[in-house]
Amino acid sequence: MHHLDSEILKAIPVYLKPVEAIWQPADMVPPGDSETFFDQVKELQARARNLSYDLLAVLIGDTITEEVLPTYETWLSLINPIEDDYEGGWNKWVRAWTSEENRHGDVLNKYLYLSGRVNMREMEISTQHLLSDGFDIGTARDPYRSFIYTSFQELATNLSHRRVAQFAKQDGDDLLAKICGNVAADEARHANAYKFFVSKIFEIDPNQMMIAFEDMMRKKIVMPAHFLREKGLEKGASFRHFSEAAQRLGVYTAADYINILVSLIKEWKIDAISNLSETGEKARDYVMMLPSRLAQLAERIKPQASSHQFSWIHT
Ligand SMILES: [Fe+2]
Ligand SMILES: [Fe+2]
């Protein structure tokens with residue numbers, strides 16, 4: 001992290017946008033101080049009525065995932081060998097990244113609140129539960145494992161928000177499409193940054209970086225909302241239903257998981273990395289073989305029809 005710190009400092013203006021130039025939630029939702037506010041909300045609600053049940057369920061799950069940002073910020077702050085270096089690269093990155101991410105839950109929550117289709121209290125209970133439950137993603141405080149996770153996860157959220165935007169457009173909700181499209185574009189920049197951090201580690205410590213990659217893929221990249229629950233249910237009980245809705249719709253599927261892995265293998269030129277120890281070589285072989293093994297498994301997964309009724313959604 002000491003070595004990487006100056007690279008991260010240089011990466012901030014490349015991968016993140018200046019605060020006063022970037023979009024804000026207020027650019028996209030009806031302004032409460034406008035005379036036409038109520039008309040605008042009526043239009044918003046009319047469009048939101050056309051969103052399918054699964055799409056709404058996925059959107060709510062995505063929103064809750066974004067709103068538990070304090071969990072991610074805390075976790076990232078702990079990967080820090082130089083805590084007191086307030087203006088250091090990593091410390092600055094965590095703050096600036098968090099400041100961009102914070103807009104995601106904010107804008108999505110405002111949209112859902114105005115949409116009239118959501119039982120906000122039930123959703124807020126799920127958000128509070130998820131914050132309280134945290135997540136267990138198997139990275140400990142290791143930057144190598146954590147950056148594999150964030151590279152993967154930012155790509156997954158990019159894809160998921162992008163697809164929700166497409167479906168919202170199909171369902172005639174251009175505003176929601178714009179919101180999710182903007183969020184997705186942020187996630188893409190973040191993914192590029194984390195992929196860059198990993199590539200920098202591969203340059204100086206290929207062996208341990210490869211072993212970390214293998215280790216994370218063996219553990220599987222669990223979604224940050226894997227402990228998602230609704231009121232009265234066990235920790236994690238709602239995650240499966242959320243994930244199945246995403247698969248049914250084609251917002252995020254087993255094939256997407258594999259495609260992300262393939263794209264990372266390409267990005268980091270895993271096949272061309274040399275000077276590995278025997279353990280490093282084995283780790284690389286495992287990672288290189290994994291997409292085809294997962295593809296065989298994925299063929300057998302069929303999206304399940306669901307009878308689950310989310311407490312978040314008004315029927
Ligand atoms: Fe986000
Ligand atoms: Fe993100």
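Tutor: Let us begin with Asn-275, which is placed in the loop that joins α11 to α12; helices here are DSSP runs of H or I with at least four residues, strands are runs of E with at least two, and both are numbered from the N terminus. The model is predicted, so local features need pLDDT of at least 70 and side-chain atom pairs count only at pLDDT 80 or more, while totals for chains, interfaces and linings use all residues. Residues are numbered from 1 along each chain as its sequence is written, chains are lettered from A and ligands numbered from 1 in the order in which they are written, and side-chain values use heavy atoms, leaving out hydrogens and water.

Asn-275 is not a glycine, yet its phi is positive, near 60°. With 72% relative accessibility, Asn-275 counts as exposed, a word that stands for over 50% relative accessible area, whereas buried stands for under 20% and partly exposed for the range in between (1.4 Å probe, protein chains only). Lys-269 belongs to the loop between α11 and α12 (278-300) as well, and this non-glycine residue has a positive phi of about 45°. Its relative accessibility of 56% means that Lys-269 counts as exposed.

By class, the contact of α7 with α11 has 8 nonpolar, 2 polar and 2 charged residues, where Ala, Val, Leu, Ile, Met, Phe, Trp, Tyr, Cys and Pro are nonpolar, Asp, Glu, Lys and Arg are charged, and the others, Gly among them, are polar.

Helix α7 (residues 143-170) also meets helix α8 (residues 174-204), their axes coming within 7 Å and crossing at roughly 160°. That makes α7 and α8 roughly antiparallel, and their contact holds 18 nonpolar, 7 polar and 6 charged residues. Ala-165, a residue of α7, counts as buried at 9% relative accessibility. Leaving aside residues up to four places away in sequence, Ala-165 touches Ala-177, Cys-180 and Gly-181.

Staying with α8, we find Lys-200 in this helix, and its relative accessibility of 18% puts Lys-200 among residues that count as buried. Apart from residues up to four places away in sequence, Lys-200 touches Leu-4 and Glu-7. With that same exclusion, Phe-197 touches Leu-4, Ile-8, Ala-11, Trp-90, Trp-93 and Phe-147. The largest nonpolar core has 105 residues, and Phe-197, Trp-90 and Trp-93 are among those with the most contacts inside it. To this core α8 gives the most, with 13 residues; a nonpolar core is a set of buried Ala, Val, Leu, Ile, Met, Phe, Trp, Tyr and Cys residues joined through side-chain atoms within 4.5 Å.

Definitions and conventions: Axes fitted to C-alpha atoms, helices over the stretch in contact; angles between N-to-C directions. Parallel < 35°, antiparallel > 145°, perpendicular 65-115°, else oblique. Contact = heavy atoms within 4.5 Å.
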